[in-house]
Amino acid sequence: MSAEPQSKADATAPFGSLLELRRAHSELMRSVRDRAHISELTQRIRDFLARAAATGAVLRASDEREAAQNILDYWNASLLTMRGVDRSSFTTTQLEPVDESLAPDLSNKPNPYTGLSAFDEKSGDQFYGREEAVRILLEKIKRHPIVFIIGPIGSGKSSLVMAGLLPLLAASTGREETAWAILPTVIPGTEPLEALLRALYRSGQRGDRLDFAQWIAEQKSRVKREPDAICDLIDLPTGNRSAILVVDQFEEVFTQCRDPAERDAFVAALVALTQATEVQFKIVLIIREDMAEQSLQLAPIRPFAQDLDARFSPPPPTRGELLQMITLPAKAVGLEFDEGIVDELCKEVLGEVTALPLLQFTLSQLWAAREGNRVTWAVYRQVGRPREALRHTTERVYSSLSPEDQAVAKDIFLKLIAPSASGAGAAVRRRVRRVVLMQLPEPDRVNRVLEQFVEAGLIRLTPGLSADDDRFEIAHEALVANWPLLEEWLREERQKSERKLQVITTVRLWQQSGHKPGYLPFGAALKEAERYVDAAPEVRELVAAGRSRARRLVVYVGVTIVVLLSIIPLGGLIFDQYQKRYVIPAREEAWNAILKSPTASASEKAEAIRGLARNDLSLNLNKLTLDDVAVNGIETQGAKFIEAHLNNVRFERSNLSNAAFSQSAIVGGKFDNTSLELSRFDGAMIADTTFSNAKLYRSIFDRALFCQDVQFSMSDVRSASFRSVTFEGRHVPQFNWTAWWLAVGWSMQQVQSLAAQSSGVNYKDTPAFKSEMQYYEKWLGTVPEPTLARAMALNGKAWALATYGIDLADAERLSQEALTIVRRSAEKPDESGSVAREEANEMDTLAYIQMQTDKMSDALENLKAAVQKVQGHEATFNAVIFRYALAQFAAGQRDEAIRHLALAVDSGKYFPSHEMYLLRQHIRGEFLTNLETLMSKNLPISAPPPATCLANSPG
């Protein structure tokens, strides 16, 4: 049957989108290639032009309108050249203006974004942009019985599994031989073994079994005694030969579970499942980064965790992936963005591995505040950037509450989240039943406040079997870092805990002193101790002794008050001198005794380190062993950890400049957001340690041994020395978003190993690069005139771009401008030679850029001129001479190149850094051999590192 003729209305109806228009354009192109009848083709083109022009009414983005008009122009031109077309009366068809009345109605459309909630299996159709990460994860699942997904809060760990991996496995069932049984996700909570049994019960066929509660109780007792018995409880539907069990928030086995026996049985049961004979079980453990090392040391899973290939950390999304995350859900419902907003969103979060919840929350708020089907710049400014949107929302909801309700809100949030014991910043999230929250004062207010925060998407409600069994939790830990008031509440709670710990530490010091009166608290310190008198019997004893001493002091003061009044101006000075001469030395002695004590707890040692740092006392921990000590937010210069053993020690958000970790063994360390400038790690053995956003400028790692899983993320390693370091086996340190080549001393073999890490990374988005660019922009702003100072600023910026290998065309322009200014200055008398030397600097910068852009002959000419200008000052220009030698070698001037190489590098004059990476295609053959020979001669004296990684270092 032939198709009915197209109606006139249909012939002029606009296409629904640019995509539809392009499809019709392609179809029309095929008609031309198929040589359709000329009269029919002419009419089809006219119809197409009419519909395409009408589509302008619904196209708002300028790039889409431009693309549509280009298609119109193509067919206008085609129609004009066809036979039978009257050219004298021909008019070109133009795109129609936007008709706001045609915007789609989105009022009944669901929110295409998830807010602070993680994606789950139900929202898998909204999960975009992580296909490559899901593919890698699936390959690991196939290779390993247990896979560990490790990442910081907000890196998208749970979403990757729930909305990426599990739907993929479910979809593959039926297409492949493997039929996957996907068990309910386990979240450990306070009773992880019970949570596991619930998942097994719900996945099985237990219609004839005992009632749920009785079955759980019986099996829990059994599995706690015999973890292997878990395999007897597998009861999957017929046909499932493979099963996958996901444990989300695995760290709760420490943060929530208080029963070590249940924790051990739970982990042993998970491992036992992988040994089941009837079904091939795969286990996925999702672990928060700051709890990873503690988790991976659990005995049953340690052998599985030692295989690095079994671990996966979700990488930060690329710009292309971010575009998919933002635009594809929007297109699915017809949401549009004003031009530039999507680019702005991408720019705000690019390279930030933890920014995904903030992005989704911002997008969700933009959806709620949209104008019709459009997110305008006015809406974007109202909601705020990803780092502002969450704070704006929390402050708006909180400000709308009455003062009484605000007090209740504080109580609720402190029930739902608690500060970490270490003060490391990652707070402990809790799921709390409504019946527990109703125990707070004024239950009616509690319900009302909960409702408002749930409605705003800031607190998540999980319905229970009854209203009392409803469970509440904060929607995401990102709330803590982005709501200053909540941070302040948690800081207050942490300070209370620290004050309590200080009182307990005072008790230990008093006991260790033999109950000397000088260690007893008095005044405000005694009042503080009285607040914690019920914490332990020893505290009551301390307070009693302190009160007795205070009463004796009252008598003494009464006798001597007249004398004191006569010398009162000296009172403050006497007190200070008393503190310095007696109290602080006594405490220093006690703190050092605690650090050397094999029986002192990790928290006591941490408090001892804080005490020493707080009082500007020297930290000398040479040859000591520290286990599980977390000391955050301290500031001290020149701390010594030489030949120390540091296991799971954390110094985060601290200043440890000029610290010495020489020949130490560092396992499971965290130096995140910490300044370690000018510090020494020479001869150290380092394993499972992170330096995230660390300042390592001019730090020394010479002869260090890097074992597995050492990560430098977003760190500043400029001019740090890595001479003669060793990578044990395949354990190459990971420099995530860190310009590793700005460090000194890499061998060419190490450069080749590290180069792959830089592929596809946009270092323009790293904090170190942005900071350097801001520095030069600020400098340039102060010297607008073409003076020598401006030339130096221009050259400095060009050099920074050149050493990163970024924006080389812009760098060359800046360098040329600087050189022009300097040459004008050179026309004036220059008795000191400073202008000539500055001109040599500018020529060297220009030459370095030219070497990277395959203009080697130009570079050689500039470097030759630069070297001639610094004759007599060669000692300060060894870097220029090195690059000159390399340019000579590339030009075939072998003998001169080798002579200049020795002149630049011999006796440790210059160690190349960024050149080894950015010019590696030219550093080869005899030049490379001579270079590495010269570099090896000039290593600093340092004890050799251990021959292999320590046994207690995994791997």
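**Helices, ring pairs and cavities in a predicted model**

Ile881 belongs to helix H33; helices here are DSSP runs of H or I with at least four residues, strands are runs of E with at least two, and both are numbered from the N terminus. This is a predicted model, in which local features need pLDDT of at least 70 and side-chain atom pairs count only at pLDDT 80 or more, while totals for chains, interfaces and linings use all residues. Residues are numbered from 1 along each chain as its sequence is written, and side-chain values use heavy atoms, with hydrogens and water left out.

Back to Ile881: it is buried, at a relative accessible area of 1%. The word buried stands for under 20% relative accessible area, exposed for over 50%, and partly exposed for what falls in between, using a 1.4 Å probe and protein chains only. As for the rest of H33, 12 of its 13 residues are buried, so the helix is largely enclosed by the rest of the structure. Among those buried residues are Asn878, Arg883, Tyr884 and Gln888, along with Phe882 and Phe889. The length of H33 (residues 878-890) works out too: its 13 residues should span 18 Å at 1.5 Å a residue, and the end C-alpha atoms are 18 Å apart, which agrees. The expected span is taken as 1.5 Å times one less than the number of residues. Just past the end of H33, Gly892 has a positive phi of about 90°.

Helix H7 (residues 192-203) can be described along similar lines. With 12 residues at 1.5 Å each, H7 should span 16 Å, and its end C-alpha atoms are 17 Å apart, which agrees. In H7, 10 of the 12 residues are buried, so this helix is also largely enclosed by the rest of the structure. The buried set in H7 includes Pro192, Glu194, Tyr201 and Ser203.

Ala593 is 81 residues away from Gln512 along the chain, yet their C-alpha atoms are separated by 9.2 Å.

Next come the aromatic rings. Across the whole structure, a search turns up 50 aromatic pairs. Rings of Phe, Tyr and Trp (its six-membered ring) pair if their centres lie within 6.5 Å; planes under 30 degrees apart count as stacked, over 60 as edge-to-face, and the rest as tilted. One of these pairs joins Phe413 and Phe453, edge-to-face, at 5.0 Å centre to centre with 85° between the planes. This pair links distant parts of the chain, as Phe413 lies in helix H18 (residues 403-416) and Phe453 in helix H20 (residues 443-455), 40 residues apart. Phe413 is buried at 1% relative accessible area, and Phe453 is buried at 0%. Phe641 and Phe651 have ring centres 5.6 Å apart and planes at 70°, so they too make an edge-to-face pair. Here Phe641 is in the loop between strand S13 (625-627) and strand S14 (645-647), while Phe651 is in the loop between S14 and strand S15 (665-667), 10 residues apart. Phe641 is buried, at 0% relative accessibility, and Phe651 is buried with a relative accessible area of 0%.

Some rings have a charge over them, meaning that NZ of Lys or CZ of Arg is within 6 Å of the ring centre and within 35 degrees of the ring normal. Arg51 lies over the face of Phe15, 4.1 Å from the ring centre. Likewise, the charged end of Arg370 sits over the ring of Trp367, at 3.9 Å from its centre.

Finally, the cavities. On a 1 Å grid over the protein atoms alone, a cavity is a set of points where a 1.4 Å probe fits but cannot get out, and lining residues have an atom within 4 Å of a point. Grid points are joined across faces, edges and corners, and a volume is the space filled by probe spheres set on the points. The count is two cavities of 30 Å³ or more. The largest cavity has a volume of about 80 Å³. It is lined by 14 residues, and the closest to its centre are Ser715, Asp716, Ala739, Ala768 and Tyr804. The second largest cavity has a volume of about 60 Å³. Of its 10 lining residues, Glu251, Glu252, Thr255, Arg288 and Arg429 lie nearest its centre. Helix H9 (252-255) and strand S9 (428-429) each supply at least two residues of this lining.

How values were computed
On a 1 Å grid over the protein atoms alone, a cavity is a set of points where a 1.4 Å probe fits but cannot get out, and a pocket is an open set with protein on both sides within 12 Å along at least five of seven lines; lining residues have an atom within 4 Å of a point.
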